[in-house]
Amino acid sequence: MPLTIATWNINSVRLRIALVERFLKEEAPDVLCLQETKCCDEAFPVAAFHAAGYPHLAINGQKGYHGVAIASRLPFARIERRGFCGKNDARHVMAQVEAGNRAVDVHNLYVPAGGDEPDPAINPKFAHKLDFLREMAAWIERDAVASGDAVLVGDLNVSPGEHDVWSHRALLNTVCHTPVEVELFGRVQAAGGFLDVMRRVIPPHEKCYTWWSYRAADWLKADRGRRLDHVWASPRLAQGFRTMTIHKASRGWERPSDHVPVTAVFAV
DNA sequence: ATGCCCCATTAAATGGGA
């Protein structure tokens, strides 16, 4: 059976629940992973997901900041919420999705943005981001996160490739594209042997973005995007990878998120 | 080559995003 998994940094799930409903209706993914839900679990708009045909929810939220959630048409065998760097700041949730006779671990991550200054000595947010990536690599290796059928998706807040940003040269010293982040990002991916399935569809020498700043006068015309959102598949699941779509049009919807959803389809 | 914009909280700023 085909299994469609979507990831979307929604930038407030309560404010944009109508956009979520539209996306679910139009694209009908089996599983939707959200980041930056920005609400505590009690305030999560559960009823809207139920009404849209997504009765299974794994939520890890908090008041105001961050927050992740997984909504699914398929049942969960298990849910986990992991804290990183000694904080419980709602940046990870995992749901093991029962898809046919397979069980797929869906890890949904929101990596810290890292602030402005790319120097851990003077910017604690950047130091936290680097520590977070180091801890991710250690966790993936120690717990063999990618040993079975697994995906790791989310807003990973790193644009690793030259063509994951609008200008490699202009952004080399900008947080999300600095060499130290890119190197650590590669270590996280390698820790699980994860495959970057987005780049199987759009080759590395072509521009590929999932985020466009709110600050540009005309986001489409300026097209100064970044690929901050990722879909990684474990080696076993990647054997069934079929296709991937970046839903760029949603950036032009009314009151949009600055990120657009990405869907990936796997045969399981 | 950035921009000058969004969101949530709590009450006209502030912190965070990236």
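A residue is called buried here if 20 or more other C-beta atoms lie within 10 Å of its own, exposed if 12 or fewer, and partly exposed in between, with C-beta atoms placed from the backbone. A nonpolar core is then a set of buried Ala, Val, Leu, Ile, Met, Phe, Trp, Tyr and Cys residues joined through C-beta atoms within 7 Å.

Good morning. The model is predicted: local features need pLDDT of at least 70 and side-chain atom pairs count only at pLDDT 80 or more, while totals for chains, interfaces and linings use all residues. Residues are numbered from 1 along each chain as its sequence is written, and chains are lettered from A and ligands numbered from 1 in the order in which they are written.

Let me begin with the overall fold. Chain A contains eight helices and 14 strands, taken as DSSP runs numbered from the N terminus (helices H or I, at least four residues; strands E, at least two). Of its 268 residues, 44% are buried.

The largest nonpolar core has 70 residues, and Ala69, Ile70, Val106, Val151, Val231 and Ala233 touch the most other members. Beyond its neighbours within four places in sequence, Val106 has contacts (C-beta atoms, placed from the backbone, within 7 Å) that include Ile70, Met94 and Val151.

Strand β7, residues 102–110, has seven of its nine residues buried. Strands count as paired if DSSP finds at least two bridges between them. β7 runs antiparallel to β6 (residues 92–99), with eight bridges, and Glu98 has Ala103 as its bridge partner. Two residues separate β6 and β7 in a hairpin, where Gly100 in the turn has a positive phi of about 65 degrees. With β8 (residues 150–155), β7 pairs in the parallel sense over six bridges; there, Asn108 is partnered by Val153.

Ala144 counts as exposed because it has 12 C-beta neighbours inside 10 Å.

Finally, the DNA. Among the 28 residues around DNA strand B, Ser12, Gly64, Ala113, Ser213 and Arg215 come nearest, where near means a C-beta atom, placed from the backbone, within 6 Å. Thank you.

Terms used. Contact = placed C-beta atoms within 7 Å.
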